[in-house]
Amino acid sequence: MSEIIEVKVPDIGDFADVPVIEVFVKAGDSLKEEDAIATLESDKATMDVPSPVSGVVKEIMVQMGDRVSEGSLLLLLESNDMGGAKPSLAVGTAAGDAVTEVAPAEITSQQRQASVANPPSTISSEVPDMAIKHPAEVLSMSSNTHASPSVRAFARELGVVDLSQVKASGPKGRILKEDVKFFIKGALSGGATHGGTGSGSGLDILPWPQVDFGKFGEVETQPISRIGKISAQNLARNWVMIPAVTYYEEADITDLEAFRLQLNKENEKAGVKLTMLSFLVKAVVKALHKYPAFNSSLESDNLVLKKYYHIGFAADTPNGLVVPVIKNADQKSSIEIAVEASSLAKTAREGKLKPTDMQGACFTISSLGGIGGTSFSPIVNAPEVAILGANKSSMQPVWNGQEFLPRLILPFSLTADHRVIDGALATRFNVYIAQLLNDMRRMIV
Ligand code: CAO
């Protein structure tokens, strides 16, 4: 058996003639007990009125902008709950954390204590006051956002922790439920490019583990450098956003290394030193000419192809990783590139690179050859679409069809954005780089 219940504004403390700033329901809606019906806003607090019982809304008696007081009729509800629940009131600060249900008609001291037994840190122990904050205080606590407790709860449920990112469309800059939904839709489709519609769901991942390491042994906490923080953010974004694949290859650089050592001997007096990195830059520029897709960036549904050849290289510095850029590398000789790279690396280690020294790269090389390693997968440096990594060359026995010969082999890898570069193209690029390094005469044809 059902009955029609008049849902009225319960005891809202000392407030009267309070505006209704949001109505969440319409006739025909099915409500569960505690579902928010409307939000009222006094000059000191924002309050959600929840449904006292579950049922179906028959008629709404208020609309946004109406002013109400205790006892004002909000709606008629056809109840399907015969449990005789009392109308209740959800009171919260606009800062959103203090949502507590009380039965205002029958607040006993026991209930007051129960309702504050596990309180958010912002509320006081007096139940009628628990929602009341001076508006300025509320604003500062809520990072200048303005939203009712139910909207905040809704946002939290959907994982929106920082409401200041949500664009408000409600009166007086108030964030509405619709605004939160719109924000979520935008966030889900935000990273989509290259024809993406953003209709997939977001990352449903566990929170970062919180471990008290001190429980297991001695620890020391060190602040992360500014460069470290910036590169961490960039790397994390690039790792998550780019569907990247790494392709491994080897180049026989026996003759090239002999040539490099010979040139370095000849130029010893001049103090000029050719490095493997400078040859890698030359080879990459040549390969970018042959395979222009590698010299591009994705912009929404377009591929921007660059007609210039600025090559970044990862430089290890005491403060972290930076990527200075050799501009117009196609117009420079290997020696000029070696001199410039060495000067940029020195400036980087001294922490004196200018922002312009690190801008405009088309493609990045990360050379660990001076250190070691047999292979690694570098992370694409967005908005570039590929990166080349090199490790330490070593003498290997290579079968020439008749015998094993000692050859100097350079292992290298290419990580590429699969949205732009597929595996066949990436492997062709790698094979071409290997051919160039194997026989530098190919550089001039
Ligand atoms: N194989 C074998 N030896 C190599 C080599 C390779 N692929 N590349 C360089 N070397 C040798 C050099 O010949 C040199 O030896 P000599 O002093 O006997 O001539 C020695 O290693 C040191 O080289 P270098 O480091 O001075 O010069 P470089 O041009 O190779 O590198 C730079 C310059 C700036 C790339 C490098 O100093 C650097 O910072 N590398 C680290 C990059 C990095 O951190 N990448 C990771 C990014 S992702 O986490």
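**Entry 1: terms and ground rules.** I count a polar contact as a pair of N or O atoms within 3.5 Å; within protein, one atom must be able to donate a hydrogen and the other to accept it, and residues adjacent in sequence count only if both atoms are side-chain atoms. I note that this is a predicted model, in which local features need pLDDT of at least 70 and side-chain atom pairs count only at pLDDT 80 or more, while totals for chains, interfaces and linings use all residues. Residues are numbered from 1 along each chain as its sequence is written, and side-chain values use heavy atoms, with hydrogens and water left out.

Entry 2: A polar backbone atom of Ser-367 is 3.1 Å from a ligand nitrogen atom, and for Asn-391 a backbone N or O atom lies 2.9 Å from a nitrogen atom of the ligand. How much of the ligand does the protein bury? Taken alone the ligand exposes 960 Å², and the protein buries 67% of that (accessible areas come from the Shrake-Rupley method with a 1.4 Å probe, and for residues only the protein chains shown count as cover).

I then listed the shell of 20 residues around the ligand, where Asp-316, Arg-349, Ser-366, Asn-391 and Ser-393 come nearest (a residue is near a molecule or strand if one of its heavy atoms lies within 4 Å of it). Strand 15 (315-317), helix 8 (334-349) and strand 18 (363-367) are the elements that give two or more residues to this shell (helices, H or I with at least four residues, and strands, E with at least two, are DSSP runs numbered from the N terminus).

**Entry 3: a surface patch.** Leu-203, Ile-205, Trp-239, Val-240 and Met-241 make a nonpolar surface patch of about 630 Å² (patches are made of residues with over 30% relative accessible area and no salt bridge, like charges being joined within 9 Å and nonpolar side chains, Val, Leu, Ile, Met, Phe, Trp and Tyr, within 5 Å). Met-241 lies in helix 5 (residues 226-241) and is partly exposed, with a relative accessible area of 42% (buried means under 20%, exposed over 50%, and partly exposed in between, with a 1.4 Å probe and protein chains only).

**Entry 4: salt bridges.** How many salt bridges does the structure hold? I find 11 of them (a salt bridge is a side-chain nitrogen of Lys or Arg within 4 Å of a carboxyl oxygen of Asp or Glu). One of them joins the side chains of Asp-252 and Arg-407 at 2.7 Å, N to O. Asp-252 lies in strand 11 (residues 244-252) and Arg-407 in strand 21 (residues 404-417), so this pair ties together parts that are 155 residues apart in sequence. Asp-252 is buried at 16% relative accessible area, whereas Arg-407 is partly exposed at 21%.

I also looked up Asp-417 and Arg-419, whose side chains meet in a salt bridge at 2.8 Å, N to O; Asp-417 is buried at 2% relative accessibility, and Arg-419 is partly exposed at 25%. Salt bridges that share partners join Asp-252, Asp-255 and Arg-407 into one network.
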